[in-house]
Amino acid sequence: MRTGCFNSLIFALLTSASVAVFAAPVAILDIPQSQMAVDATTPAQSAKIDLNNADAPTLQKELSGVGEAKAKAIVAYRETNGPFASVDELLEVKGIGKAILDRNREKLEVN
């Protein structure tokens, strides 16, 4: 009988300890107001890149699969042949293929 009572007390003790662990309050992160203001004022990166106005460093930085040589080729093509009439005309630039154009189509525009 004593063993049964002892086991019951141990069980009750362990059960209440596990409930206390799960019922513990969650720690709340204290983020300074200045940091929140910086995050809220960060401009959205949804602005499209204009093929007729962007310089080579911008094209290199913003377009996937476009390095320094391809960015310079895009600018050189624009200077030689005039402004792009459409985004699809980018395929005429040496080194720019369908895969690169498809990867970046959402980011590009022609004004």
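Q: What does helix H4 span, first C-alpha to last?
A: Helix H4 covers residues 68-81, 14 residues in total, and reaches 20 Å from its first C-alpha to its last. That is close to the 20 Å expected at 1.5 Å a residue, where the expected span is 1.5 Å times one less than the number of residues. Helices (H or I, at least four residues) and strands (E, at least two) are DSSP runs, numbered from the N terminus.

Q: Before going on, what are the ground rules for the values?
A: This is a predicted model, in which local features need pLDDT of at least 70, side-chain atom pairs count only at pLDDT 80 or more, and totals for chains, interfaces and linings use all residues. Residues are numbered from 1 along each chain as its sequence is written, and side-chain values use heavy atoms, with hydrogens and water left out.

Q: Back to H4. Which of its residues are buried?
A: Ala71, Ile74, Val75, Tyr77 and Arg78 are the buried residues of H4. Buried means under 20% relative accessible area, exposed means over 50%, and partly exposed is in between (1.4 Å probe, protein chains only).

Q: How do those buried residues sit around the axis of H4?
A: Looking down the axis of H4, the buried residues fall within an arc of 155 degrees, so they line one face of the helix. The arc is taken from the directions from the helix axis to the C-beta atoms.

Q: And what is on the other side of H4?
A: Ala69, Glu79 and Thr80 are exposed there. The cover over the buried residues of H4 includes helix H3 (56-62).

Q: Which residue has a positive phi just after H4?
A: Gly82, at about 85 degrees.

Q: How many residues are in the largest nonpolar core?
A: The largest nonpolar core has 19 residues, and those with the most contacts inside it are Leu59, Ile74, Leu90 and Leu108. H3, H4 and helix H5 (98-104) each supply at least two of its residues, and H4 gives the most, with four. A nonpolar core here is a set of buried Ala, Val, Leu, Ile, Met, Phe, Trp, Tyr and Cys residues joined through side-chain atoms within 4.5 Å.

Q: What does Leu90 touch?
A: Not counting residues up to four places away in sequence, Leu90 touches Leu51, Ile74, Phe84, Ile96, Leu101 and Leu108. Contact means heavy atoms within 4.5 Å.

Q: Zooming out, what is the secondary structure pattern along the chain?
A: The chain has five helices and two strands, in the order α-α-β-α-α-α-β. Of its 111 residues, 23% count as buried.

Q: What share of the contacts joins residues at least 24 apart?
A: It is 47%, among contacts between residues at least 6 apart in sequence.

Q: New topic: how many salt bridges are in the whole structure?
A: A search finds five, with a salt bridge taken as a side-chain nitrogen of Lys or Arg within 4 Å of a carboxyl oxygen of Asp or Glu. One of them joins the side chains of Glu62 and Lys61 at 3.8 Å, N to O. Glu62 is partly exposed at 31% relative accessibility, and Lys61 is exposed at 68%.

Q: What does Arg105 pair with?
A: Arg105 meets Asp88 in a salt bridge at 2.8 Å, N to O. Arg105 lies in the loop between H5 and strand E2 (108-109) and Asp88 in the loop between H4 and H5, so the pair ties together parts that are 17 residues apart in sequence. Arg105 also meets Asp102, at 3.6 Å, N to O.

Q: Are those side chains buried or partly exposed?
A: Arg105 is partly exposed at 33% relative accessible area, Asp88 is partly exposed at 40%, and Asp102 is partly exposed at 39%. Asp88, Lys98, Asp102 and Arg105 are linked in a network of salt bridges.

Q: Last one: where is Asn104, and is it buried or exposed?
A: Asn104 is in helix H5 and is buried, with a relative accessible area of 1%. Leaving aside neighbours within four places in sequence, Asn104 is in contact with Leu63 and Ser64. The C-alpha atoms of Asn104 and Ser64 are separated by 6.5 Å, with the two residues 40 apart along the chain.
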